[in-house]
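Subject: Handover of a structure

Dear colleague,

Please find the structure below, together with its sequence.

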Amino acid sequence: MQIEGRNDHGHAARRLAGALPSGRAKDATARLILDNSLPEGAYTISLLDNRAVEVRGGPFSGVIYGVEELIQRAGADFDLSFLENAPVRGEPGLAYRTFWTWDHSTNWELSQIGQQEIGVFNPFQKPPQGFLADYRRLVDFCSRNRIAAIVIYGFLRDSHGGVEAAQELCRYANERGVRIIPGIAIGAYGGVYWEGNHRYNLATWLKANPQHAAQMERGVGFQIADLAFPLNFPHSDYTVSACPSAPEVIDWMEEAVSWLAETFDIGGINIESGDYGVCGCARCQQRRANDAEAARRADVHGDYWSHTDMAANFPRLYRAAKAKKPDLWIYCEMQWDNLLEPVAAEAQAALPHGAIYQHTANRSYWKRLRTELDPDYVAALPTQPNVLRCQFACQWNGDERTERYAFNARSFADMASRGYELNMQGLTVWGEPSDYFATVELSYLAFARFSWNPRLTWEEFVAQDVAPRLGGPQAAQRFIALAEELDASASLPVERLAAMQKEALSMATSSDAAIARRWLTLTDQIGRRLYMGR
Ligand SMILES: [Zn+2]
């Protein structure tokens, strides 16, 4: 095949060439063109003549997404008949489609020791090269499924390669049209350099500047209403915080953010205020002067953050990052379960237009949002644009099993589709466990498909994406039924589990290795429950 535009679109050209068996489509031509008039990620695939095709793509990821669709539709024979009547176009329904991760519990390369599944103050326990091994696989999945970005808390850590590994990850992801977005907190979560002896590491800086340590209102940590068990936060260098009223702290954060934006070819920064406690020093109390917010921290809501602190300090960091790279996606975390009960509206009205305002919801709060939230209210918010972040369908919600390996596809589909109707412009979900597990893989695919096209129906999704991966429509219905039955109850009769295992195992003998793997992972989930006797 002749590929025009190979130099500017190296990854797309390699994907296209690699998808065709050698010798096939020798007479065909593909022309790859960047078109800045299209939105980021959008594309048009057109037939030029019967053996020539043009893929025109919007900035950063459009040509890559277009080539992925071309590979899918044209098949190994490079049959272009699907383009005969009209060009095929693609454009994201939700502009901001992002996976959220911590480095220590992102497990996409399963052939290595050191996996963890929950926590925010964890050491990294894999071999040092494990960080890149995990995230390269995650980037590949995103690139092929039009997931635009990956937030990474723990982006910079001495024990997994520090600056060099982080730079290499950015290079790898940019080549594939995926934005890498380090997650940071203002005076919390390690500052900009999460762990190591570095000038932008918070514990390192506070040892030299102990007068700026936060005077916490109460103990370090947080608890989650929809999680069945209390979380544990032993004190360490990971748990320190700085006072956000000290000008020296924000000067240092601003300098660190500038360094982050110029040292790494990142695609954005996710900024939060820290969610494990609030400084209660006299200066902070006077500056905040927000009784409603303080009451929420003290009452049943148990908020572990301050919206007023965030509104006061976010704009400086936003401007510092944008000054280095105007194209960055700067997420502003609006924290959990408060969109219907704002307590810092006045302070938030001054937040800069163009940051991405991220509203996080636990499962029970999402049930309220999806019916009580008014789309006109979202459109009229002073903060624009707004996106949702799903804090369930992951390790942070559910009973003792958690929802990390559950079949979460319906939750992601609902949050994308209903969020779109509510004038949300993006969705962020957790993306830590590997797509090796079929329940996880299908959930991620639902996130990818419904956030790209929020008008997709469940039936279309099952027919197009689930059925071919499981052995047909009937098999897809059975898989979903078995997975949802397993998820719905922490205890099932062993007789029922034995019957479920038998049914899943019969499908796992498929001669197609990928289909067999999907049923085997479900069989194993059932088999573990059977062995535990519940
Ligand atoms: Zn303070």
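Strand 10 (residues 329-336) and strand 11 run parallel and are joined by four bridges; strands here are DSSP runs of E with at least two residues, helices are runs of H or I with at least four, and both are numbered from the N terminus. Two strands are said to pair if DSSP finds at least two bridges between them. Across from Tyr357 in strand 11 stands Cys332.

This is a predicted model, in which local features need pLDDT of at least 70 and side-chain atom pairs count only at pLDDT 80 or more, while totals for chains, interfaces and linings use all residues. Residues are numbered from 1 along each chain as its sequence is written, and side-chain values use heavy atoms, with hydrogens and water left out.

Strand 11 also pairs with strand 12 (residues 386-390), in the parallel sense and over five bridges; there, Gln358 stands opposite Val387. Six of the six residues of strand 11 (residues 356-361) are buried, so this strand is largely enclosed by the rest of the structure. Buried means under 20% relative accessible area, exposed over 50%, and partly exposed in between (1.4 Å probe, protein chains only). Ile356, Gln358 and Thr360 cover one side of the strand, and Tyr357, His359 and Ala361 the other.

A separate open sheet has five strands in the order 1-2-4-3-5, with mixed pairing. Strand 1 (2-4) and strand 5 (88-90) stand at its edges with a single partner strand each, so one side of each has no neighbour in the sheet. Within this sheet, strand 3 (residues 43-49) and strand 4 pair in the antiparallel sense over six bridges, and Asp49 has Ala52 of strand 4 as its bridge partner.

Ser61 lies in the loop between strand 4 (52-57) and helix 2 (62-74). At 2% relative accessibility, Ser61 counts as buried. Apart from neighbours within four places in sequence, Ser61 is in contact (heavy atoms within 4.5 Å) with Glu40, Gly41 and Gly177.

The zinc ion is coordinated by the SG atoms of Cys243, Cys279, Cys281 and Cys284 at 2.3 to 2.4 Å. Donors are N, O and S atoms within 2.8 Å of the metal (3.2 Å for Na, K and Ca); water is not among the atoms, so sites may look incomplete. The angles among the four donor atoms are 104 to 116°, and the site is tetrahedral, a term that requires all angles of four donors to lie between 85 and 135 degrees. Both Cys281 and Cys284 are buried.

Finally, the largest nonpolar core has 116 residues, of which Phe155, Val192, Leu260, Phe314, Phe461 and Trp519 touch the most other members. Such a core is a set of buried Ala, Val, Leu, Ile, Met, Phe, Trp, Tyr and Cys residues joined through side-chain atoms within 4.5 Å.

With kind regards

Notes: Tetrahedral: all angles 85-135°; square planar, octahedral: opposite > 155°, others 65-115°.
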